[in-house]
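Please keep the sequence and the structure in view while reading.

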Amino acid sequence: MRDVREWTASVVRFVKLRRDPVVVQTLRSAAAATIAYVVALRLSPEAAPLTAPLTALLVVQVTLYATLTNGIRRVNAVVAGVLVAIAFSLLVGLTWWSLALLIVASLAVGRLVRVDEYVPEVAISAMLVLGVTAVGDTAWARIVETLIGAVVGFGCNLLFAPPVWVDEAGESIEGLARRVRQLMLRMGEEASGRTPVERATERLHEARRLDHDIVEVDAALRQAEDSLRLNPRVSEGLLHRVVLRTGLDTLEICTVVLRVLARTFTDLAKERDPERLFAPATGAAVEQLLSEIADAVVSFAVLVTSHVTASAESAESRLAAELRQAAATRDKLAQLLLEEVQRDARTWQLYGAVLTEVNRIIDEMDTEHRSRRLFEELDRTSREQRERLRRLTRVREGLRDSDRLRVPDVLRRRRAGSDGRSD
């Protein structure tokens with residue numbers, strides 16, 4: 001029985017390892033570089049055409065969209081560097097001062113041709129070409145090898161479509177939601193009792209650290225968005241991108257409001273020290289409300305990351321029920337806070353802030369609000385795509401009209417020539 005469990009665990013680890021971005025990137029890059037080297041051995045005059053595998057190694061990325069964009073910039077950078085090296089080799093050759101000028105000129109050219117992060121590659125290519133003896137032959141060989149590496153990199157992603165990283169982005173979003181839930185639960189438990197200022201401040205620091213988690217989730221989501229672009233295995237890439245992006249935006253707003261709520265609790269702890277933040281009944285209502293909102297945050301994340309229709313409908317029903325319960329508890333808390341303010345009006349502004357902040361989180365996760373935001377984002381993205389297509393259509397029509405205008409001129413010249421010959 002133990003052997004079966006160990007074998008099952010090994011299979012699970014292997015499956016996870018297969019989809020790990022680092023493993024996928026390593027295998028794809030190694031395969032592309034090897035193939036590029038083998039092809040370059042046959043086509044390049046160099047004995048060791050290492051530029052081709054180097055280009056393939058830099059061009060191949062985790063997603064097809066990133067491969068295309070990086071490959072074009074990479075080829076532009078190498079070609080620009082080779083051309084700069086050819087110019088310098090014809091004019092001055094290689095000296096210490098010409099090397100300095102070469103680097104400055106290469107970096108300036110890299111900015112002009114807009115190769116972004118590959119600007120240093122322009123100078124690297126120029127130095128490598130200028131440092132050899134037969135500059136002319138080596139320059140053209142380097143261009144050929146660069147094109148070979150880029151083509152192989154493109155081909156690897158076209159033949160072996162890269163994985164779609166939507167599941168990994170969904171796990172990151174759900175992980176963020178669970179961390180938000182844990183912080184809310186701790187804040188609710190402490191709000192029902194006597195909370196020292198130091199502990200309330202610690203919760204405020206935890207809420208601020210969630211900003212770093214959002215940055216990491218955003219990076220995972222950008223990778224997922226890139227993997228959906230130009231991927232032949234995805235039929236509804238736009239919908240997936242918009243659903244995930246709007247979901248993360250909502251969670252980010254909730255995180256910001258939670259940080260403000262933690263700040264309000266800290267100010268309450270300072271104002272009421274050494275008393276309780278709330279009366280016992282009010283504190284219990286705050287704990288219950290934050291617990292219900294925390295569960296709703298996780299349900300919202302599950303709804304955003306669900307791909308199967310049945311799972312999405314179940315998650316949406318659960319979220320709606322949890323938000324209704326949270327709204328009822330919020331109304332109860334509002335009445336309790338009103339009674340407490342009537343007894344002691346010292347902290348009425350902070351009590352009002354607590355109610356406003358929890359109400360904002362509930363409104364952000366409301367299913368109607370989410371649907372409206374989703375449709376607005378889809379409409380905006382569709383309009384942008386239609387506008388791009390309209391511009392391309394106008395350019396195509398302009399080229400076609402210019403061709404029509406040139407054709408009569410050509411015919412007139414031919415007719416004039418034939419008339420001259422007839423005379």
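The largest nonpolar core comprises 61 residues, and Phe265, Phe278, Ile293 and Met365 have the most contacts inside it. A nonpolar core is here a set of buried Ala, Val, Leu, Ile, Met, Phe, Trp, Tyr and Cys residues joined through side-chain atoms within 4.5 Å. Buried means under 20% relative accessible area, exposed over 50%, and partly exposed in between (1.4 Å probe, protein chains only). At least two residues of this core come from each of the helices H8 (166-191), H9 (197-228), H10 (237-272), H11 (280-305), H12 (309-343) and H13 (348-364); helices are DSSP runs of H or I with at least four residues, numbered from the N terminus. Helix H10 gives the most, with 13 residues. Apart from this core lies another of nine residues, among them Ala32, Ala36, Val60 and Val152.

The model is predicted: local features need pLDDT of at least 70, side-chain atom pairs count only at pLDDT 80 or more, and totals for chains, interfaces and linings use all residues. Residues are numbered from 1 along each chain as its sequence is written, and side-chain values use heavy atoms, with hydrogens and water left out.

Thr255 is placed in helix H10 and counts as buried because its relative accessibility is 0%. The Thr255 side chain reaches the backbone oxygen of Leu251 at 2.8 Å. Leaving aside neighbours within four places in sequence, Thr255 is also in contact with Val180, Leu210 and Ile214.

Charged side chains form twelve salt bridges, each defined as a side-chain nitrogen of Lys or Arg within 4 Å of a carboxyl oxygen of Asp or Glu. One of them joins Arg263 and Asp267 at 3.5 Å, N to O. These two residues are four apart in helix H10, so about one helical turn separates them. A network of salt bridges links Arg186, Glu190, Glu202, Arg203 and Glu206. Within this group, Glu202 is partly exposed at 42% relative accessibility, whereas Arg203 is buried at 11%.

Helix H4 (64-91) and helix H5 (96-112) are the elements that give two or more residues to the patch.

Definitions and conventions
Polar contact = N/O pair within 3.5 Å; in protein donor to acceptor, adjacent residues only side chain to side chain. Contact = heavy atoms within 4.5 Å.
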